[in-house]
Amino acid sequence: MSKQIPIAVAVWSLLTLIPAPSQANPPNSAPDTMEARVQACTICHGDEGKGTNDVYFPRLAGKPAGYLYNQLLAFRTGRRHYPPMNYLLEFLPEPYLKAMAEYFAEQHPPLPAIAPPEVSQGVLAHGQGLVTHGDAARSIPACASCHGASLTGMEPAIPGLLGLRPAYVSAQLGAWRYGTRTAKAPDCMQVVAGHLTEDDVKAVAAWLSSLPAPANASPAPKGTYTLPFDCGSQPN
Amino acid sequence: MLKVKILVGLLALAGAVPIALVVVSKQTAAQAQEQKSVAPASTISKGEYLARAGDCIACHTAPEGKLFAGGRAMPTPFGTLYTSNITPDPETGIGRWTAEEFYGMMHTGRSRDGGLIYPAMPFASYTKVTREDSDAIYAYLKSVEPVKQLNRPHDLSFPYNNRSLILGWRTLFFSEGEYQPDPSKSAEWNRGAYLVEGLGHCGMCHTPINALGGNSQSDAFKGGLIPMQNWYAPSLTSNKEAGLGDWTIEDISDLLRTGVSKRGAVYGPMAEVTYNSLQYLSDEDTRAMAVYLKGIAQDAAPDVAQPSVPPSEGSLLMSLGKTVYDQRCDSCHGAQGEGAPPHYPPLAGNQSIQMQSAVNAIRMVLNGGYPPGTAGNPMPYGMPPFAGVLSDNEVAAVVTYIRTSWGNRGAAISASEANQLRSAQLN
């Protein structure tokens, strides 16, 4: 367990005026930590949100808190659709969702080992091209222009794209194309996803998941760079 | 116009709120609409409180929709109903309604034009609401932001799209009339009864549901499976089910208002009731409800539930169940099912998992859940969903184990019962 937890817990305790956890918990009392409170999540997202073997269950650890919070709100209202999560979040108030988002944002377990890519070098090169340069002729902006040159995202609400598995990335881009995932308007990712073909999606998903963990996986501070066009969840 | 406003204001100051509103209701519709802010602030805030107690918001506000603009889908076995816009917009909402007409609808289940209203709008309970309380709710609704949004037509299959069928339902299940206090009981008991039977519309779920989707007076609060949702609302009158008879008043009111208690937590549709409605009620009112609920729980010893599997299979399930429990459940619910109340509910002696119907326990294991986050419990602890990690057989085994261990008197259940609930709608 990382050192962040007690600090994080102390912060939340102050915020919510809940007494700090004491060593002398009476027998059979639930530990007063966020870690205990999110056990209903970590069964799918892994301890500290580090991900599990299920390729569709995303890692949460270290993603920007604002991004995670936006996702929790989207699941709560059904704007983003995954029934088991829509159900769990239905009656949780906003300050609590924020506390959950902050908890997962502050966890930094190591990124998973990368699996060898299952696609050809040509496909990987196509993916790399789209991520780093885009394709102006087809109105596809470089993914890096928003997700950052090191692809670790930017505070408060642009997620990094590392440590995600190809199946998950493809499913998310597909969900935007078919409208089952939407973000706050203007939904820039919907525009981006709308220009991608099935082959593009496969290629970027494969290339992203082939990248090693960067030395510093933290998202860039807010305002480090300007987005090429507007995103409702991260006003420029 | 100004004169009328002053007159109304004075009457209200003198405490004659109902009269003031009668004055308003005698105006023509157009005039009534112009004076939407005539009710004094105290009436409006009382109305807001009562609207909370009636949980109007849960049905009349769509997810991400505007407050009280309606349009929320209510799936029923006969098709989907869409709730009405009850904001004060004159064209699409209730802006042209008078207080009289509003009370008429709450009390008789007939719309302003005399048309019959579907009982999914709980007028069978709201009929018990007093004129004074109805007027306060009306005043509050007139004070919220008007939203222009046409009602979405219901999507009901033949013959249920014919409103005259409601007449049959009414004959069987509707008896019109305000709540009549029982003079042999305390004022607190009567207040609790008024809220539970009236605005709280608890009977809408806690009563056996018949083929028409209605519920009958004689079976009031006897429990039943909620159609479409696949949750079982336990009987509130029998200790065999919710078993409130041996709870303390404090535990019952904690459960209602905060969502957790030393005896159990709320989940499923009941979590919504606490989240949208009960958490906003005063200490006195939740206590009054608890006094009434404890009072109507009959002190019959629980029956022993009938197993749905042969005894040999039952004992195999028990040994597998113990393995699953020790591995997956005891970290929260304790080796002896003692839990860590109020956050991890006890399973030993928990009447709600021992009922004949095992639906709720199976669904908890499959879907997990968080009690609602409330003022009294802002950061609830959650239970993980096990649908993805346990087989049907393991679910049946662990549910059998918790229903029959530690002195619990529930019965074994089969893997097919667990399997059927995998497809239950989640929200």
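1. Basis of the note. The model is predicted, so that local features need pLDDT of at least 70 and side-chain atom pairs count only at pLDDT 80 or more, while totals for chains, interfaces and linings use all residues. Residues are numbered from 1 along each chain as its sequence is written, chains are lettered from A and ligands numbered from 1 in the order in which they are written, and side-chain values use heavy atoms, with hydrogens and water left out.

2. The disulfide. A disulfide is taken as a pair of cysteine sulfur atoms within 2.5 Å. The count by this rule is one disulfide over all chains. The bond joins A:Cys188 to A:Cys231, with an S to S distance of 2.1 Å. This pair links distant parts of the chain, 43 residues apart: A:Cys188 lies in helix H10 (residues 188-194) of chain A, and A:Cys231 in the segment after helix H11 (198-209) of chain A. Helices (H or I, at least four residues) and strands (E, at least two) are DSSP runs, numbered from the N terminus. The link is right-handed, with 105° about the S-S bond. Both A:Cys188 and A:Cys231 are buried; here buried means under 20% relative accessible area, exposed over 50%, and partly exposed in between (1.4 Å probe, protein chains only).

3. A:Cys44 is partly exposed, at a relative accessible area of 22%. In chain B, the sulfur of B:Cys329 lies 8.8 Å from the closest cysteine sulfur, in B:Cys332, again too far for a bond. B:Cys329 counts as buried, at 14% relative accessibility.

4. The sheet of chain B. Two strands pair if DSSP finds at least two bridges between them. Three strands of chain B form an open sheet in the order S1-S2-S3, with antiparallel pairing. S1 and strand S3 (155-156) are the edge strands, each pairing on one side only. Four bridges join S1(B) to strand S2 (residues 79-82), and these two strands form a hairpin with two residues between them. Opposite B:Met74 stands B:Leu81 in S2(B). Two bridges join S2(B) to S3(B), where B:Leu156 is the bridge partner of B:Gly79.

5. Helix H4 of chain B. The expected span of a helix is 1.5 Å times one less than its number of residues. The 14 residues of H4 (residues 41-54) should therefore span 20 Å, and the end C-alpha atoms are 20 Å apart, which agrees. The buried residues of H4(B) include B:Ile44 and B:Leu50. B:Asp55, which follows H4(B), has a positive phi, near 55°.
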